Amino acid sequence: MITRLSQLFLRTLRDDPADAEVPSHKLLVRAGYVRRIAPGVYSWLPLGLRVLREVERVVREEMDAIGAQEISLPALLPRDPYETSNRWTEYGDGLFRLQDRKGNDYLLGPTHEEMFALTVKGEYNSYKDFPVTLYQVQTKYRDEERPRAGILRGREFVMKDSYSFDLTDEGLAASYQAHRDAYERILQRLGVSYVIVSATSGAMGGSASEEFLAESEVGEDTYVRCVESGYAANVEAVTTPAPAPIPFDGLPEAVVHETPDAPTIATLVHWANSAGVTLDGGRPVAAADTLKNIVVKTRRPGEEWELLGIGIPGDREVDDKRLEASLEPAEVELLTEADFAANPFLVKGYIGPKALLDNGVRYLVDPRVVDGTAWITGADAPGKHVVGLVAGRDFTPDGTIEAAEVRDGDPSPDGAGRLVAARGIEVGHVFQLGRKYTDAFEVNVLGENGKPVRPTMGSYGIGVSRLVAVIAEQQHDDKGLRWPAEVSPADVHLVIANKDDAAREGAEALAAQLDKAGLSVILDDRKASPGVKFKDSELLGVPLIVVVGRGYADGNVELRDRFTGESREVPAETALDEVL
Ligand code: ATP
Ligand code: MG
Ligand code: MG
Ligand code: MG
């Protein structure tokens, strides 16, 4: 294909856009690849769209190679499934919500676990159908608090998301590994330098969730790496040992239950219901109450009331219809300042192992984390116990608490050496989800022995549009963009820098030859000065620039390597062979 710059819908800019801080953003705008429409919302112009499509192609090729099958789900989604999974509430302000003309609630999909679980449930019903992995390359919507750096953090962006469905944990581990390997191949083909870091403190095994971070100073993620052992983790996931628990004789055995989700009150109530505990309480929760300091009391049939736990779901307000529905048939009790003063068990604002210890609870029975939410139980006297929810990733099954802050030079948790801190941009995320969504949607299939089996899921995301910015970020120089051949908007940028008719004809002929050989060519046939053309060729970033200039009088053309800056003259007749 020959793309003539005299006709291409392209306007390059001499100056950096006023709102741009990071180089990739400045250059992608200046080179006419993208244009801003609203915060975090961008249009793709011809050359940008080509690069985006090339990234998509590489991603698709590697997904297809591991046997994943492409489908496409809508971005406009009904509220109901997200209500079932509780994410209508949990996603909070990050969700774009809208209503149709009849007043029904919809959302623009930020990620599609719900819909994929439902899609598989709708089609498959036997163990013979599994395993299966589905993916899509799709526009996602998230109302990011701080959209940033152009397409790097958009509110509308393109993600490849895939979901694996297996019947066994081993199957899930294999699907996870296949994705992890595919992501490595994708990033290598795209020329991205990256590190794989653990994204969780290891609640479900060391590889339950990992992030692919592109190394970059402008990244928003900080990770630490131990040079000696290769240990690498997002700082949010680094753990250090907690103080040893103090044994307390005579403690009744406390039950620890897994909660499938983040600590909202709805989760707590959902857990209690599924564990067969009756909930009761005092005042109903109103919309005006922020969901802080909620205490749930429990009573097993025929037994006394006891304190079950404290849910600290953050400051988010929830509309009360939602809340009432999610609480059905349970109620919760909201505590006052006085209640907190009177009861040493009630740790205001936060309940975690340290908070419990600080508040006189002397024994931690069984900490456990599920999806970043820990259930812990403790007691300060025989016969009493308290169960708490820990928000965030601050507690792990092996009894460790998140460090206050991990710093460059801290000892590595594996004891192998010191940690080095650096910054990165999250480009991919692989996650062994387990049965969180298949439980929520009761996805059952007929097992080999005739009994129902519940599939276990993995979810895997890669930021397709973000990768365009990441490549630009890692590869540019002060003159402009530099695209690796795999994603470049063209193979050759051919500049006509000589006004002679013979040179022009020679350039046209060379372009035709290159095109015939299967290469795509950007041909700068504009009536502009050579200086302007050279500048644009550097700004646009095609890796190979061919100049038909003064040397053409002697039968030569110039080949310029956009990466090394090297340039050499070759006879025009051999130019094609040199390029191939
Ligand atoms: P981040 O930590 O950067 O906010 P995330 O952890 O919220 O990303 P995931 O939900 O894991 O993102 O989504 C999978 C991938 O989608 C990410 O690894 C990233 O590459 C991409 N992505 C997420 N949010 C955005 C965004 N706002 N703009 C562009 N790409 C995004
Ligand atoms: Mg995010
Ligand atoms: Mg992230
Ligand atoms: Mg992520």
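Trainee: A149 is found in the loop between strand 8 and strand 9. Why does A149 count as buried?

Mentor: This is a predicted model, so what we discuss is computed from its coordinates. The relative accessibility of A149 comes out at 13%. Buried means under 20%, so A149 counts as buried.

Trainee: And what is the phi of A149?

Mentor: A149 has a positive phi of about 55°, although it is not a glycine. Most residues other than glycine have a negative phi.

Trainee: Is E442 buried or exposed, and how do you know?

Mentor: Exposed: E442 has a relative accessible area of 53%, and the cut-off for exposed is over 50%.

Trainee: What about G92, why is that one counted as buried?

Mentor: G92 has 6% relative accessibility. You'll find G92 in the loop between helix 4 (87-90) and strand 6.

Trainee: What makes the peptide bond from F130 to P131 cis?

Mentor: Its omega, which lies near 0°. Most peptide bonds are trans. P131 is placed in the loop between helix 5 (113-123) and strand 8.

Trainee: Now strand 9. How do you know that it is mostly covered?

Mentor: Count residues: strand 9 covers 156-166, and 10 of its 11 residues are buried. For the chain, buried residues make up 51% of the 580.

Trainee: What makes strand 8 and strand 9 a pair?

Mentor: A pair needs at least two bridges. Strand 8 (residues 132-141) is joined to strand 9 by 10 bridges, and they run antiparallel. Within that pairing, Q136 stands opposite D161 in strand 9.

Trainee: Which strand is joined to strand 9 by 8 bridges?

Mentor: Strand 27 (residues 456-463), again antiparallel. In strand 27, D161 has G461 as its bridge partner.

Trainee: Why are strand 5 (76-78) and strand 6 (96-99) said to stand at the edges?

Mentor: They belong to an open sheet of 3 strands, with the order 5-7-6 and antiparallel pairing. Strand 5 and strand 6 each have a single partner strand, so one side of each is left without a neighbour in the sheet. From one strand to the next, the twist averages 35°.

Trainee: Over how many bridges do strand 6 and strand 7 (residues 105-108) pair?

Mentor: Strand 6 and strand 7 pair over 4 bridges, in the antiparallel sense. The cut-off is at least two. L98 stands opposite Y106 in strand 7.

Trainee: On to helices. At what angle do the axes of helix 1 (residues 23-30) and helix 12 (residues 464-475) cross?

Mentor: They cross at roughly 105° and come within 8 Å. The perpendicular class spans 65 to 115 degrees, so helix 1 is roughly perpendicular to helix 12.

Trainee: Which residues make that contact?

Mentor: P23, S24 and L28 on helix 1, with A469, A472 and E473 on helix 12. By class, that contact has 4 nonpolar residues, 1 polar and 1 charged.

Technical notes. Residues numbered from 1 in each chain as written. Chains lettered and ligands numbered in written order. Predicted model: local features only at pLDDT ≥ 70, side-chain atom pairs only at ≥ 80, totals over all residues. Heavy atoms only, no water. Buried < 20%, exposed > 50% of the residue type's maximum accessible area, 1.4 Å probe, protein only. Axes fitted to C-alpha atoms, helices over the stretch in contact; angles between N-to-C directions. Helix = DSSP H or I, 4+ residues; strand = E, 2+ residues; numbered from the N terminus. Parallel < 35°, antiparallel > 145°, perpendicular 65-115°, else oblique. Contact = heavy atoms within 4.5 Å. Nonpolar A, V, L, I, M, F, W, Y, C, P; charged D, E, K, R; others polar.
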